Amino acid sequence: MPHDRFVTRHIGPGESETKAMLDFIGVSSMEELIEQTVPENIRLKDPMKLKEGLTERKYFRQILNLAGKNKVFNTYIGMGYYDTITPAVILRNVLENPAWYTSYTPYQAEISQGRLEALLNFQTMVCELTAMEIANASLLDEATAAAEAMIMMMNLRSRKMVKSGVNAILVDEKIWRQTHDVLITRAEPLGIELRVQQKNSFEFTDDVFGVLIQYPNSDGEIIDYSDLVEKAHEKNIKVAVAADLLSLAILTPPGEWDADIVFGNTQRFGVPMGYGGPHAAFFAARESFKRNMPGRIIGITKDIHGNRALRMALQTREQHIKREKATSNICTAQALLAIMAGFFGVYHGPEGIKMIAKRIHNIAAFLSVEIEKLGYTQLNKNYFDTIRFALPKYVMREDIEWLSQELEMNFRYFENGDVGISIDETTNREDISWIIEVFAKAANKRWQVAKEYPEGFSIDKKYTRTSEFMKQEVFNKFRSETEMVRYIKRLELKDISLTHSMISLGSCTMKLNAATEMFPLSWIEFNGLHPFIPKNQARGYHEMMEELRRDLSVITGMADVSLMPNSGAAGEYTGLMVIQEYHKSRGEEQRDVVLIPSSAHGTNPASAVMAGTKVVVVACDEKGNINIDDLRQKAEEHKNNLSAFMVTYPSTHGVFESSIIEMCELIHKHGGQVYMDGANMNAQVGLTNPRLIGADVCHLNLHKTFAIPHGGGGPGVGPIAVASHLIEFLPSHPIMNNGHVGINAVSAAPWGSASVLPITYGYIKMMGAEGLTEATKMAILNANYIATALKDNYGILYTGENGRVAHELILECRHLKASAGITESDIAKRLMDYGFHAPTLSFPVHGTLMIEPTESESKEEIDRFIGALNLIFEEIKEIETGKADKENNVLKNAPHTAEKVSADEWQHDYTRTKAAYPLNWIRENKYWVPVGRVDNAWGDRNLICNCGTPEEYEAFK
């Protein structure tokens, strides 16, 4: 085997390790294992038709060549996307640091204190700038945040309003076009009436529940909305504001004129444009709305020792618990980008952010004056960063466009011929001169280069902010790079990521995110492009995306792919909306029932409800398989209005169900479509595919199967692949032609989170068909190796017909609660003492642990994990036999902090060594939790969701 094959770097076990594991589980070859695991009738007969895998060096040259086809112009289009300066200390130590980008969503709070603090900083910064009471830890983008605000206002209707059928929302026509398009998509299936009007024409009739406005508006004009808000509130109508967060450093924040919800994008806070994403949207509201807020909220609590600790608050709001009763299907958000934006706020502080905002405005004001001298009319009276010019009769828009292109600049062009310029943080003196040069040449006039750097403030005082913000210590302490890098490192060391040990989370596929795949994220040729530039400036992107779509089509067996959905849940929603549109095209609007197995991930029913459908739950049998008799009965019962069947394959129980083709045929027989949830594609690639089993549409989690990192809770990418009859319904975009003409947009950007697509592109190109198939087989082997090693002590809840699991397994723990009072949560906390992130807790079956090792983990690491769980089982046995106390034992007291282990007093019957170093190898790489077991209930009873002041922390003393 060539030494430079990428697959040998990606897959953990080598040849001898693989043989040892095969021997251990009792098979003679990998082929025999696959035959025992994957039903014969769904296995591919031929290899996937993909190109041979590239070496890392060859791929690097290829992606470099594609980068060279992208043209990086100075872009002043605005419209929600602006160039920014990512501080090098954040770029190097966060975006390019695997300790940050390979961590998982912080469900296990004790091993996530670093990123929880970084996200708390983000929430606090948002609250301070918007003058609102509570903020979440990010959403997917500004347009989908607008949709979440709309739905939240609908859910906040009074009982009287609900009973009266109040269903209209007033939307200012001066919002971003991409936001408007996403609102159309999300409103229609929920029966919400969008009334898009001029704000001066708003009529607060009795059927209106909400208002949505933009500040500054889409023209760049600053509007006084205070009277509008007052009138709306008189009628019990809520007001949501899309705000430019950076502008709020110098403009009166919406919270000060009594807005109910404020949302927008934090891209300007050091996060590159990336041809549209990913970026972290923000969402802030009144605290009284906290239980209706979408997304995750970081809150402060205390641990069992009384020390301050952080964790995700109010988790009972989330879709994985509320399922079809959830008000949002948000799962993955944009944690990594929110962390970057929060660090941007920490590094610059209030003075720095205000200075950046003032400088942007001053440049815009200077340009407004100078360009008007050339005969143009500037139409915005009050503005932050955007100026809009009406052209004199003797100047053609085409002249401006041609001249600006020649000088490698992009302006915004309005439909009526006006030209817009949006200034950003990067605009400098030379840029100012070139901008004016374009307007001067187009008007055939001369312009004298200004000697003075632009100064001055032209915003009316009634719009300017007078209140202070971000006075918390964290935003006023770290100004030197030395101190900043130490702060970032201090937080980093509090957490477990893939840089420390395997993360065995079932249904999450925490595989290697290879350095070569990640490199392009930092290149300006990929991250410096605005999503609305002419396509000829992004030829490298489009060549890459076309190849990626073709490759994903081959892998799934489907006909085409949309890259627009920017999370797995967004992919689910998009797929269901495509199915609904298909039924409508056939005159079958009545088809609105979706069958979903009881084992499904919570996003499935939540997405189905958001798509305007009715959820009917299908039972599973005692072996964990979908009960085909129940499916048959319900498909027959709903045959006249059956829309779709949502199925995860292999099942969420970690099994290849042999009746999958029969199930899909049953749905098709009754006029429905099959939606396959791609969460478990890591067990399919190269062995079978969604189309072969009978699916019509599937989404893919590129942040699972296809190597995009989880980033501590995002970014995620959830493209959908469809059969040929559904291509015409794939989502379009109102501004850019993204190659599809179907439903309205599902995200703000035409190609979703484009800047992370090179990761998946690189993964596929370097693995090739053979490598991808090897990875799938190894993922299955690793899971079966663990299952074989642990089954005698714990028990494996579900297996296939031949006693095999797919790529993940469910560890039975419920008997341990009966025998020793030990829960799956106790086991999870004790694993932290061994240096491991816990497997998935109580999903899909309560009281169990779901384990997915992926193909990237070596046998040595897996053996350490197995050794830890087996020793924990022995510790449980000590409780059962009475050798250890039922309450004061290593599991109930876990995890153990360094502070407690090294304290002068030790009030436990077991030794300090047993608490901290139960196995010898732990001494070589000891991870110390920064806090003891957190008290979630206390945190929800005493909700604090921002950094606060020292005085506010008296409760922790």
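Trainee: In which loop is the place of P650?
Mentor: Quick caveat: this is a predicted model, where local features need pLDDT of at least 70, side-chain atom pairs count only at pLDDT 80 or more, and totals for chains, interfaces and linings use all residues. Residues are numbered from 1 along each chain as its sequence is written, and side-chain values use heavy atoms, with hydrogens and water left out. Helices (H or I, at least four residues) and strands (E, at least two) are DSSP runs, numbered from the N terminus. P650 is joined to Y649 by a cis peptide bond, omega about -10°, and its place is in the loop between strand 19 (642-648) and helix 23 (660-669).

Trainee: What is omega for the cis peptide bond from F843 to P844?
Mentor: Look in the loop between strand 24 (840-841) and strand 25 (848-851), where P844 lies. The bond from F843 to P844 is cis, with omega near 0°.

Trainee: Is N444 buried or exposed?
Mentor: N444 sits in the loop between helix 15 (429-442) and helix 16 (481-492), and it has a positive phi of about 60° although it is not a glycine. Buried means under 20% relative accessible area, exposed over 50%, partly exposed in between (1.4 Å probe, protein chains only). With a relative accessible area of 71%, N444 is exposed.

Trainee: What parts does the pair of F706 and Y763 tie together?
Mentor: Rings of Phe, Tyr and Trp (its six-membered ring) pair if their centres lie within 6.5 Å; planes under 30 degrees apart count as stacked, over 60 as edge-to-face and the rest as tilted. F706 and Y763 are edge-to-face, 6.4 Å centre to centre with 80° between the planes. F706 is buried at 0% relative accessible area, and Y763 is buried too, at 2%. The pair ties together parts 57 residues apart in sequence, because F706 lies in the loop between strand 21 (697-699) and strand 22 (720-722) and Y763 in helix 25 (residues 757-790).

Trainee: Over which residues is the pLDDT below 50?
Mentor: pLDDT is the predictor's confidence in each residue, from 0 to 100. The chain's mean is 95, and 97% of its residues reach 70 or more. Where pLDDT is low, the predicted coordinates should not be read in detail. The stretch with pLDDT below 50 is residues 953-957.

Methods: Contact means heavy atoms within 4.5 Å.
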